[in-house]
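Subject: Structure handover

Hi,

Here is the structure I promised to pass on, with my notes on it below.

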Amino acid sequence: MSSFVIENRIWDRAETMPRDELRALQLQRLRECVERASNAPFYRRIFKQQGITADKIKSLDDLRFLPLTTKEDLRQQGLEGFLAVPRERIARFHGSSGSTGMPTFVAYSGQDLQLWADLCARFLVAGGLRPEHTVHICFGYGLFTGGFGLHYGVERVGAAVLPASAGNTPRQVMLIEALQPEVLVGTPSYSLNIAEVARAEGREPRELSLKFAHFGGEPWTEDMRERIESELGLIAFNNYGLSEVMGPGVSGECAVRDGMHIQEDHFIVECIDPKTDEPVGEGEEGELVFTTLSKQAMPLIRYRTRDISSLNYAPCPCGRSGVRMSRVTGRTDDMLIIRGVNVFPSQIEEALLRVEGIAPHYLIEVDRPGTLDEVTVHVEVRPEYFSDKMSRMQALRERIDREIHSITGIRMNVELVKPQTLERSMGKAKRVIDHRANR
Ligand code: DLL
């Protein structure tokens, strides 16, 4: 890790609001949100059917009487079904690329964009950003919320933006060398590509100007954080968000780096059992569900994220009162069911990173050639470990097999591949190919 020290600075006093005050504010904003949401055709119809009105919400506990909203609802109703303002008040569209090809669109009013920049500023400052810094943003600028979301957050803090966008990694390295940014913003997996290309060009990645980084947009493990920090010689912070709810800025780590503070004055979070829809206890894993309290153009009520995490209400030494969510360990729709056992890609990542000699690049392939599921994990070997000696590679494979088995309880095929052979992604890494869906 870098020796750079992150001070505990707070962007907005609202982040430290006492919890009783916070809950009172949430209740008031929840009523306003229900009022606003009833302008959207989807909610208007449901509220009418179920007799829901803002004045019937007497306490935050009444939230559970409100309907859950799903990604399917967004797909089926389209943007129009969820717009709570006339088209002329929309200032920006974004979208998340669905597996079906057609993105799910989201809309922002001018006020939403202001709030978004502020919420990004909060977690950036919590993770050390200061006006004198320069920030290299390698998220894609486009429909994806990562590029523009972080861009305006950095500007709000008053720091300089280097809008590198995604792709063309040699050029990214050149820009870092030329403009000496202290901060990197992007997906964690892409930062490793930058390190790799820098090294291939004869530069030591740890010698680059980067001191800390704000990563988000995809799942990553604590071991991956350590690997990235040691590769690039920086301190890495985690931040979380999703386009439907706003984009980045829903939560982020403070200097303590023990969970991401949710910006609860603008989002109510619940953690539910995805099967029963009942709340799980504090610290237990469940699906996160968000209600947007302040969004104007596209308010969402009890939006099911499919992200699996847990909540920690213990006070944080940094003074922020927002509940902390754990790392996302997987998505309900990412979970692989292998011969009846539930496995998350993050568990495989954890196993792989325990083994010395392998590079943090992997791909999980699932198939069912006969009646049984088969998983093949393709893993890159680090150049200095790659060898023509069968026995050496066999020992490495067995070590990986044991780690995977001890974490997931199942046996997988391990295929070691030469350094640099797995495809590098320019944004969110693709970790799983499941052929079973096409059989
Ligand atoms: O990825 C928003 C974002 C951009 C967040 C940049 C942070 C930084 P979507 O493309 O809609 O939006 O994808 C949202 O990505 O439901 C999670 O499954 C996953 N995700 C986002 N951040 C994290 C994270 C953006 N820190 C989906 N850890 C979410 C794990 C994350 N998963």
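Where is the place of Thr221? Thr221 is in the loop between strand E6 (212–216) and helix H8 (222–232); helices (H or I, at least four residues) and strands (E, at least two) are DSSP runs, numbered from the N terminus.

A word on the ground rules before the rest. This is a predicted model, in which local features need pLDDT of at least 70 and side-chain atom pairs count only at pLDDT 80 or more, while totals for chains, interfaces and linings use all residues. Residues are numbered from 1 along each chain as its sequence is written, and side-chain values use heavy atoms, with hydrogens and water left out.

Thr221 counts as buried because its relative accessibility is 8%; buried means under 20% relative accessible area, exposed over 50%, and partly exposed in between (1.4 Å probe, protein chains only). Leaving out residues up to four places away in sequence, Thr221 touches Arg327, Ser346, Glu349, Glu350 and Leu353, where contact means heavy atoms within 4.5 Å.

Leu232 is in helix H8, and with a relative accessible area of 0% it is buried. Again not counting residues up to four places away, Leu232 touches Ser191, Ala195, Pro205, Arg206, Leu208 and Leu210.

For helix H1 (residues 19–37), 19 residues at 1.5 Å each should span 27 Å, and the end C-alpha atoms are 25 Å apart, which agrees; the expected span is 1.5 Å times one less than the number of residues. The buried residues of H1 include Leu22, Leu25, Leu30, Val34 and Ala37. Their cover includes helix H2 (41–50), strand E10 (267–272) and strand E11 (286–292).

Helix H5 (residues 145–157) has 13 residues, which at 1.5 Å a residue should span 18 Å, and its end C-alpha atoms are 18 Å apart, in agreement. Among the buried residues of H5 are Gly146, Gly147, Gly149, Gly153 and Val157. After H5 comes Gly158, with a positive phi near 100 degrees.

Two other positive phi values deserve a look. Most residues other than glycine have a negative phi. Gln180, not a glycine, has a positive phi of about 50 degrees; Gln180 lies in the loop between helix H6 (169–179) and strand E5 (183–186) and is partly exposed, at 46% relative accessible area. Asp277 is not a glycine either, and its phi is positive at about 65 degrees. Asp277 sits in the loop between E10 and E11 and counts as partly exposed at 29% relative accessibility.

Beyond its neighbours within four places in sequence, the contacts of Phe290 include Tyr240, Val250, Ile262, Phe267 and Leu300.

How many cavities of 30 Å³ or more does a search of the whole structure find? There is one. On a 1 Å grid over the protein atoms alone, a cavity is a set of points where a 1.4 Å probe fits but cannot get out, a pocket is an open set with protein on both sides within 12 Å along at least five of seven lines, and lining residues have an atom within 4 Å of a point. Grid points are joined across faces, edges and corners, and a volume is the space filled by probe spheres set on the points.

The largest cavity has a volume of about 140 Å³. Of its 17 lining residues, Glu15, His261, Ile262, Gln263 and Arg320 are the closest to its centre. H4 supplies the largest share of this lining, three residues.

The second largest pocket has a volume of about 590 Å³. Its lining has 24 residues, with Leu63, Val269, Glu270, Pro279 and Tyr313 nearest its centre. The largest share, four residues, comes from E10.

Best wishes
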